[in-house]
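Below is a set of questions and answers on a two-chain protein model. The sequence and structure come ahead of them.

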Amino acid sequence: MPPIKPPHNPGRIATVDITQTHAAQAWEANQRHEGYWRSLAELAKTTAFTEAITQEFSAADPASPGALLDTPVTRRHSLKLLGASMALANMTACSRQPDEHILPYVNMPEHLVPGRPRYYATATMLGGYAQGVLVESHEGRPTKIEGNPDHPASLGACDAISQASVLSLYDPDRAQSVRYRNSIAALGDLERDLQTQRRLWDANQGQGLCFLLAASSSPSEAFAVQQLQQRWPRARWFMQESVDRRSLYAGAEMLFGQPLEAVYHFDKARVVVSLDSDFMLSQPGSLRYARDFMQARVPRMLGSQTQPARLYVLESTPSVTGGVADHRRCLPWPDIAIAAQELARGLGVVDPRQKQSAGNNATAGSGLLPSAWLNAVCADLRAHDGNIIVIPGDQQPPAVHALAHGINHALGALGKTVELIPPQANYVDLPGIPALKVAIEKQEVSHLVVLGNNPVYEAPADINFAKIYPSIPWRLHFGEYHDETGHLSTWQVPAAHTLETWADARAYDGTLGVIQPLIQPLYDGLSNLQMLFLLHHGVVQDARHLLRSAWQAHGFLAANPEDFEQTWRSCLQRGFVENSAAKPVSLAPRDGWQNALGTSVGELTTAGASGLILQFRPDPALWDGRYANNGWLQEQPRPITTLTWGGALLISPGLAEERGLKDGSVVKLTTTAGELRLPVFILPGQPDAAVTLFLGQGHQNLGSVAMGVGVNANHLRDTSQLWSMPVTLEPTGAELQLALLQHHHNMENRDLIRAASIAEFRKNPTFAQRTTDQPDKSLYPEPWPAKRSSENAWGMVIDLSACIGCNACVTACQAENNIPVVGEDEVVRGHNMHWLRVDRYFSAKSHPTGVKASVVQEYDPALVQSFSDAPLNLFQPVPCMHCENAPCEYVCPVGATQHSADGLNEMIYQRCVGTRYCSQNCPYKVRRFNWFDYTSNTARYPNLPAQQNPDVSIRERGVMEKCTYCVQRISSVRQTAEAEHRPILDTELQTACQQTCPTRAIIFGDTANPDSEVSRLKALPLNYPLLAHLNTRPRTTYLAAVRNPNPHLSEPGGASEKNQRSKGEVPHD
Amino acid sequence: MPQIFRQRSNNLTRMLLLGGLVGSIALTAMAFGIYSSSFVTGVNATPAQPVPFSHKHHVGEIGIDCRYCHTSVEQSTFAGLPDTATCMTCHSQLWTNAQVLAPVRASLVENRPLIWTRVHDLPDFVYFNHQAHVTHGVACQSCHGRLDQMPLTRQVAPLTMQWCLDCHRNPGPHLRAEVDITQMLATAKETQSEQRAHQLMMHYGIRLDRLTECVTCHR
């Protein structure tokens, strides 16, 4: 990110006379841009921001021209460099290509066509739940993961974590061998030791033997565990998962008397209320939920009369779900439960007379939600005849789950849009790590088997697992990495990656999927079933055999054994078992469930009644930290924040003002469990009373990528308050530069984002069309249309109504196009290489009121205050526009960027000499330059040749690159079509970003074909190009965003409501 | 002050200037010469192979079709090299004890692939597609030469970009009817009339505009 200059005056608040003009200017600029902005610095037009963005590349950057000019250069020195460059340039011509070899198969597999990828259906795992994927394999080498169009949890979409798992497969830092006390050992050594231990366990029925399991939904694994439980009945079992779903089951227990999971049907919902649930990004089924919700919301997918679905979000940390909501309110985590109770009371689900518990003195007197807001939401929910969903967040306490489903039941949504199914995850009833701690401290544990998780890293600080773990005499860790736990273990056994082995798992709706290997285990890793079998029988059995025999024994596929083979094969082909989704149960809430609630809500909220709250969240890319050694995920700009790598503590602009903090200020956080120092990031929309820290960083011993990046949030966690706890925050005065992408490739305050409410849209369907889009002068040869000879004209439409900013497309593009990882330092310099960026805009249309004559450093508090209350977001993916009048093409001195007949703006790496004129002349700032060597073996994050797409060149240092519309896919499809002497079908060609998009926001196709979807969309009145007045005629265009705010709530951001509330004007209902 | 340069320096200067001019021209010519020589392009190079496989014998004398071994030539970018099992369809019966075939038998027994050396090696940034060529009238012979006369396989064409473009700019004369794609014919180009060339271009639906676009071969 372009750095914000450290203040010369260390004083917190400086009074500036020009504030009024300053704010007025910003507001004026803002008006032109219709109230969309990308960061507070941009909104306030701080000097540092303006300086930083006037230069295309950051001034702090030693490779930038500015920095070069500053260093003293003598004539002698330049002549030396010139001579050396010429001499060295010639050197490259003096070598012949080295000999290459071809290794044909000994026995070629049937139907294999060398040079053509094959696709296998399997699944990737997140938090124990499966997601169906298709994996592209080049002669036995998996290179790319796509969604499985038939799988109910995917429907062809794929998330960033699954996309990136193919990089982890080839990660050289993975555990490569069995280790005994950290020294390399053989599997035979372990088998010998296990013989001794198993004899001991047999003798005492497993007394002292403990197992620590990770979340799983594999039925065959559950049976293997059952068998072990029978064999050693006195062994004890525990389950640890950083992002567990225990409160979900506890909530169902409170309401229905038994643990249940919910499956939501967003396609049928008209009104959705989220109680801190980021259901579009970070919970099982999110891909399907995002797809279904947008299906019911995006104008192009609806009839002209159908009213789109409406989304209200109450959340503790700005998320993508809140960003695309129609109305969003941000509350500290403990207040969500109170708000849920207010909502339930408003709907008459909980007795309106029932007061909140006595513990809540701070809030007992007044409603948290403004009554106008609450009444409008309640009326909206009531008016839709059960076509509503109230969805609680996985990390919210049981009471919120009970309340949400209580409302769903009362309004008739249960069985309609919300279905309850038995728990699909295993081990729901096993005790957690606190119970294990007690057992260890009582010295009841002589042997501990850790299966698949990393408790030394992820256990909350009060457990202090690193200290108690070594006190166990015999410790075995089974995992993909020789991680923090592995280093402290007696035995470390490498686990196989999901692309290497056989397994099974259930999806969010219970659909049973099979996981099949794409490649032999690279490092002799074992599957979970193999590991359990090894413990049980002392030998390693074939993974496929184990899975098949479990399926046969338990009849997962067919009742009679003769049919097994056939159904097994069809299951392998499809990737899942047909019609295996869990059957919904129909249950009514228990009588008097509300009574349990009051105390429960009270207990949870008292902790945060005063002072600052620290909230924890799973990281959108690294989850609980298990993916932290993946460069693609580390460098993925996180949704909403655009932070990469180290991450930061999210604080509100109000809090920043109060404490005199700015982006990158290092603070000391102290909780009852521990303390940490970390930088802050100011995020509009974050509640003032709460700060948020993502899990997943701060690994000590995972691998070279994760090493030393960020801080470990678990060092502040406490088992009694896993997701939120009181905290004290002290500024330290230190500063860090955040690896932030939000200012990169800024397009100034131009008219880039167009949006309207559905009412405005219906009244004026052409609101996105502007007269200013017509160029008055053109730099390019006219008249239009230019003569074109090609039968295809590729184009793209991106629907801003549908985009949720999840960044799955960014990672898909990275995987497809061999985009290198550059590292944190390079990101700070503005050298990130993603061909596709997702610009995140905040919107707040309200006029700032109450301008104060002071600024915190360079922020204007008036703007900050008025916009900080839950602004909504709009996300704009920006790939190359493939302009028909491409400005880049005119300035390249060597013709390295050319136009093809079918409209592609081609980039020819072999011709490029790195003048960077093209990038300078690109109004959309979509070109990326290889400043340094990012790919070879000597690079900081070398590429992994086995993973790479063989159809895309690897770019060298000094070469420009950019989005190609996946030209390799176009070529491949066209060559097939030509060989078959037929035109290219509209359905057979997808770009990588389009294919992976959960909400179908990106549509690519042939604009020369009037029947193609892309032509149909480009004809819509919502369609508009970026910077049309430049007459570049971009082939990528956008559909303006249409939201569906409640007409009874005039302020989408709710800014005025907040101001009212702070003045105490809102009466309590 | 005495003069630094004497009169004869003038001649020396002239000679130097001329020499420099001639020298630089000669150097450039030499560079071009070297660059287009078979030393760089690899024309006629015959790399050592694990088995001295003779196309002359298998194609010219026995008459096996190219696609019997190069199975994916019509469906994929890569023409495909026969797996060991393909060799053994015949050689499990014929020449079962021949010394030259020992590596093939060893490959089958040990389940280890034979390691061949590429004869036609394009740079890694060139995305050549066999399917696109053989389904559009470009014969094997056009690039690979008279394999039926090669006891050991060697590179015939220079495989430079200039050579590729010669055909991409005007493919007509190089095209053949479908039946002749894998045939080894005595002469190809010379027999093609202009009319026939045009006919074949129409028949295969070849559009010249895309043939010289950069992304056709580089991406």
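**Sheets, interface and confidence**

Q: In what order do the seven strands of the open sheet in chain A lie?
A: This predicted model has an open sheet of seven strands in chain A, with mixed pairing. Strands are DSSP runs (E, at least two residues) and helices are DSSP runs (H or I, at least four residues), both numbered from the N terminus; two strands pair if DSSP finds at least two bridges between them. The order is 8-7-19-18-17-9-10.

Q: Which strands are the edge strands of that sheet?
A: An edge strand here pairs on one side only. Strand 7 (residues 179–180) of chain A runs antiparallel to strand 8 of chain A, joined by two bridges, and A:Tyr180 stands opposite A:Ser183 there. The edges are strand 8 (183–184) and strand 10 (236–239) of chain A.

Q: Which residue in strand 37 of chain A stands opposite A:Ile798?
A: Chain A also has an open sheet of four strands in the order 37-29-39-38, with mixed pairing. Its edge strands are strand 37 (1002–1006) and strand 38 (1023–1024) of chain A. Strand 29 (residues 794–799) and strand 37 of chain A run antiparallel and are joined by five bridges. The residue opposite A:Ile798 is A:Ile1002.

Q: How many residues of chain A and of chain B are in contact, and what area do the chains bury between them?
A: Contact means heavy atoms within 4.5 Å, and 42 residues of chain A meet 44 residues of chain B in this way. Buried area is the accessible area (1.4 Å probe) that two parts lose on being put together, summed over both. Carbon and sulfur atoms carry 53% of the area, which is about 3800 Å².

Q: How many residue pairs are in polar contact between chain A and chain B?
A: A polar contact is a pair of N or O atoms within 3.5 Å; within protein, one must be able to donate a hydrogen and the other to accept it, and residues adjacent in sequence count only if both atoms are side-chain atoms. With both residues at pLDDT 80 or more, the count between chain A and chain B is 19 residue pairs.

Q: Which element gives the largest share of the side of chain A that touches chain B?
A: Strand 3 (101–102) and helix 32 (967–979) of chain A are the elements that give two or more residues to this side. The largest share is eight residues, and it comes from helix 32 of chain A.

Q: What is the bridge partner of A:Ile102 in chain B?
A: Strand 3 of chain A pairs with strand 1 (residues 116–117) of chain B in the antiparallel sense, over two bridges. The partner of A:Ile102 in strand 1 of chain B is B:Trp116.

Q: Which element of chain B has the highest mean pLDDT?
A: pLDDT is the predictor's confidence in each residue, from 0 to 100, and chain B averages 89. Among its elements, helix 2 (residues 38–41) of chain B has the lowest mean, 83, and the highest, 94, belongs to strand 1 of chain B.

Q: How are residues numbered and chains lettered, and what pLDDT do local features need?
A: Residues are numbered from 1 along each chain as its sequence is written, while chains are lettered from A and ligands numbered from 1 in the order in which they are written. Side-chain values use heavy atoms, with hydrogens and water left out, and in this predicted model side-chain atom pairs count only at pLDDT 80 or more, totals for chains, interfaces and linings use all residues, and local features need pLDDT of at least 70.
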